[in-house]
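Work through the exercises below with the sequence and the model at hand. Each task is followed by a solution in steps.

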Amino acid sequence: MLRHKLAEILEKAVVEAQQKGIVVSSTLPEVTVEHPQNPEHGDYASSLPLKLARAAGVSPLALANKIVELMPPVAEVDEIRVAPPGFINFSLRSKWLTSQVDSILEAGSNYGAIDLGKGSRLQIEFVSVNPTGPLHVGHGRGAVLGSTLANVLSAAGYTVEQEYYINDMGSQIESFSRSLYARYQQCLGVKAELPAEGYFGGYMVELAKEITNKEGDRFLAMPQLEAVQQLGEIGLGEIIRNFKRDLELLGVDFDVWFSERSLYQGGQYDKVMALLRRNNYINEKEGAVWFTSSTLGEDKDNVLIRSDGLPTYFASDIAYHYNKFLERCFDIVINIWGADHQGHVSRMKAVMNALGLNPERLRIIICQMVTLRRGNEIVKVSKRSGDIVTLAEVIDEVGKDACRFFFLSRSADSQMDFDLELAKRQSAENPVYYVQYAHARIASILRLAKERQIDYGQGDVSSLTTEPELTLIRKMTLLPEIVETVAKTLEPHHLPYYAQDLATDFHSFYKYCRVISKNSALTQARLKLVKAAQIVLANTLHLMGITAPERM
């Protein structure tokens, strides 16, 4: 990647400056090369002289000039110049830029892929909602975030596995089962009250009706505990099937659906509890069993087994991560959790230390809430049911692509507004429509070239010299950097921003540069550029799990 190459050359020049006594600092800060906001300042820039100037005892501007003098010529760079107060700016050669069109065409659907991960095994676990009710719009945000990260991390050279963790035991499942039994009885004319801590949503009535239609009244003849358990299992299976259906509508498909129960049936829970006891991370007090997280820097200890003998969700999570790291041997694990799990992050990091693992191998993303709007109006309930707005309803109204693009448009740690009216609008105001229209426009140009039997395979890209052409190429060459940035920061919101910028530069090129003209040589070169732009835009959309339409 060119950015890294420039950083390496810059670092070598600074090391040479140290050897010559020009720079006296013994420690060299991280050498970074970025894109300046003002294009007049070049294609890349570094502020390294500003960081080194104080230790060097010279002005940043003078130091920048001395560093530049020590830098060798760079084939891709037309000019290296110094700018106040001490920046080093790099401007690329037009010939190198235009040659990237052929490189993109050659790489095709692989353009943008990098080898950052070098095959490391990475698991990303996301959504993982308790199977006690339908998925809502907030769950959709985490689903899109996770599946997009999986796409990007795969493109970045990791071996990625996507997993859904099913919380299929515990007090909430018990409440769900008892609530379903009450609704089932009501469907059959039996007077029954829901438990105080039960699930009162209308979806439970619908679920009970479906089960009644299929199973009849056979559960009424059973002992209550047996009936509750069996109905709970049926209901649980139906909820999970609905999850899979809704997530499939959103373009999300998991490699593994992992059962919490299996941790107890497979012995992981017993193994990890024994390990924690051996390492003195277990304490018994107040009739409960505690994880002594305070010895690992936490403010307080945390309960593993309640006084009634039942394990907590935290105990299950410890067993689950024991399974992830020590049994399935993932190198890196990424968990995407909802905002209500914020307080759980630090104690899971403490668990990593207790298991003898580097906490940096566990990365946790907290996904904030989503507010649904129709213009200025906040949408709180479903028009259909008068209940919660489900994810399936939102997908049905605005479509998969709009859902994915809008969910990705803000960083995960920011609360977001989802405007349903804007998501349906077929105009440039709607960002996903704007980006997809650019791809459709490209496809239309290429169809016209095919109809006219224009062979542009031998087009000479060096004739692409106008500013709109070069600006578009500059933007196209950034996709590998975007993939790297997202893979390192786990912030996929960079993708929709890049897609919009790329679409803007294409629309500008199309406005000012006639693609198919009487000039045969220029036509061939510009068709090559258009095809390359299609590849980059399609690859960007596919990383986001969004369709690249041929027509609109």
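The model is predicted, so local features need pLDDT of at least 70 and side-chain atom pairs count only at pLDDT 80 or more, while totals for chains, interfaces and linings use all residues. Residues are numbered from 1 along each chain as its sequence is written, and side-chain values use heavy atoms, with hydrogens and water left out.

**Exercise 1. The whole chain**

Task: State how many helices and strands the protein chain has, and what share of its residues is buried.

Solution. Start with secondary structure: the protein chain has 20 helices and 14 strands. Helices (H or I, at least four residues) and strands (E, at least two) are DSSP runs, numbered from the N terminus. Next, take the extent: the C-alpha trace spans about 85 × 65 × 40 Å along its principal axes. Then turn to burial: of the 552 residues, 52% are buried. Buried means under 20% relative accessible area, exposed over 50%, and partly exposed in between (1.4 Å probe, protein chains only). Last, consider contacts, meaning heavy atoms within 4.5 Å. Among those between residues at least 6 apart in sequence, 70% join residues at least 24 apart.

**Exercise 2. Backbone exceptions**

Task: Find which residues a cis peptide bond joins, and find the phi of Asn 280 and of Glu 286.

Solution. Begin with the background: most residues other than glycine have a negative phi, and most peptide bonds are trans. The cis bond joins Pro 84 and Pro 85, with omega about 0°. Pro 85 is placed in the loop between β2 (77-83) and β3 (87-92).

Now take the phi values. Asn 280 is not a glycine, yet its phi is positive, about 60°. Asn 280 belongs to the loop between α10 (268-278) and β7 (282-285), and is exposed at a relative accessible area of 62%. Glu 286 also has a positive phi, near 55°. Glu 286 sits in the loop between β7 and β8 and counts as exposed at 68% relative accessibility.

**Exercise 3. Two residues compared with their surroundings**

Task: Decide whether Thr 292 is buried or exposed, do likewise for Asp 317, and list what each touches.

Solution. Thr 292 lies in the loop between β8 (288-291) and β9 (302-305). Thr 292 has a relative accessible area of 9%, so this residue is buried. Leaving out residues up to four places away in sequence, Thr 292 touches Asn 280, Tyr 281, Ile 282, Asn 283 and Asp 301.

Asp 317 is part of helix α11 (residues 313-327). Its relative accessibility is 13%, so Asp 317 counts as buried. With residues up to four places away in sequence not counted, Asp 317 touches Tyr 165, His 344 and Met 348. As a distance check, Asp 317 and Thr 465 are 148 residues apart in sequence and 58 Å apart in space, C-alpha to C-alpha.

**Exercise 4. A strand pair**

Task: In what sense do β10 and β11 pair, and over how many bridges?

Solution. First locate β11 at residues 362-367, where 5 of the 6 residues are buried. Strand β10 (residues 332-338) pairs with β11 in the parallel sense over 6 bridges. Two strands pair if DSSP finds at least two bridges between them.
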